[in-house]
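Dear colleague,

My notes on its charged side chains follow it.

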Amino acid sequence: MTFNGTWKFDRNDNYEKFMEKMGINMVKRKLAAHDNLKITLEQTGDKFHVKESSNFRTLELDFTLGVTFEYSLADGTELSGSWVMEGDSMKGVFNRKDNGNLLTTTRAIEGDELVQSYTYEGVEAKRIFKRG
């Protein structure tokens with residue numbers, strides 16, 4: 001599948017403003033901007049296995065497209081939501097458990113990059129990864 005493989009963090013676009021809007025404190029924002037995140041995606045049909053490793057944590061999770069699951073961000077923010085396929089992109093719609101606000105995430109392959117886009121309360125950001 002298109003998303004299968006290991007993706008290494010390359011650069012951010014407006015990520016600090018996004019984290020600020022999410023309520024992440026300045027120290028954690030500065031650390032997260034340089035977390036050296038590596039994402040490994042394995043898709044089998046409508047099931048995904050994801051491994052995220054950074055300077056701060058390693059997390060593995062399994063999910064099925066269209067099925068709601070629980071997830072915690074690196075700062076401890078708890079979410080509930082699901083991923084679906086929209087054309088060649090993955091779209092995740094998650095509700096924050098603390099305030100009910102909506103976080104939308106998309107993953108798309110653009111050339112040789114994985115572009116992970118976020119929208120929260122009107123603020124958009126991107127994290128771009130290179131296959132590695």
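How exposed is Lys47 in terms of relative accessible area? Please bear in mind that this is a predicted model. Lys47 has a relative accessible area of 47% and is therefore partly exposed. Lys47 belongs to strand β3, which covers residues 47-53. Leaving aside residues up to four places away in sequence, Lys47 touches Glu42, Phe63 and Thr64. With Thr64 there is also a polar contact between the two side chains, at 3.5 Å. Leu103 stands 56 residues from Lys47 along the chain, and the C-alpha atoms of Lys47 and Leu103 are 21 Å apart.

I turn next to the salt bridges. Side chains of opposite charge can pair when their charged atoms come close. The count of salt bridges in the model is ten.

One of them joins Glu113 and Arg11, whose closest N and O atoms are 2.9 Å apart. This pair links distant parts of the chain, since Glu113 is in strand β9 (residues 113-120) and Arg11 is in strand β1 (residues 5-13), 102 residues apart. Glu113 is buried, with a relative accessible area of 13%, whereas Arg11 is partly exposed at 37% relative accessibility.

Glu16 and Arg29 form another salt bridge, with 3.7 Å between the closest N and O atoms. Here too distant parts of the chain are linked: Glu16 lies in helix α1 (residues 15-22) and Arg29 in helix α2 (residues 26-32), 13 residues apart. Glu16 is partly exposed, at 29% relative accessibility, while Arg29 is buried, with a relative accessible area of 12%.

A further salt bridge is that of Glu86 with Lys91, at 4.0 Å from N to O. Glu86 is partly exposed at 46% relative accessibility, and Lys91 is partly exposed with a relative accessible area of 26%. Salt bridges with shared partners also connect Asp10, Arg11, Glu113 and Lys130 in one network.

Finally, I would draw your attention to Arg107, which is found in strand β8 (residues 102-110). Arg107 is buried but has no salt bridge. The nearest side chain of opposite charge is that of Glu52, 4.0 Å away. The side chain of Arg107 does make a polar contact with the side chain of Gln116, at 2.5 Å. Beyond four places in sequence, the residues that Arg107 touches include Phe3, Ile39, Leu41, Trp83 and Met90. Glu52 and Gln116 are also among the residues that Arg107 touches.

With kind regards

Definitions and conventions:
Residues numbered from 1 in each chain as written. Predicted model: local features only at pLDDT ≥ 70, side-chain atom pairs only at ≥ 80, totals over all residues. Heavy atoms only, no water. Helix = DSSP H or I, 4+ residues; strand = E, 2+ residues; numbered from the N terminus. Buried < 20%, exposed > 50% of the residue type's maximum accessible area, 1.4 Å probe, protein only. Lys, Arg positive; Asp, Glu negative; His and termini not counted. Polar contact = N/O pair within 3.5 Å; in protein donor to acceptor, adjacent residues only side chain to side chain. Contact = heavy atoms within 4.5 Å.
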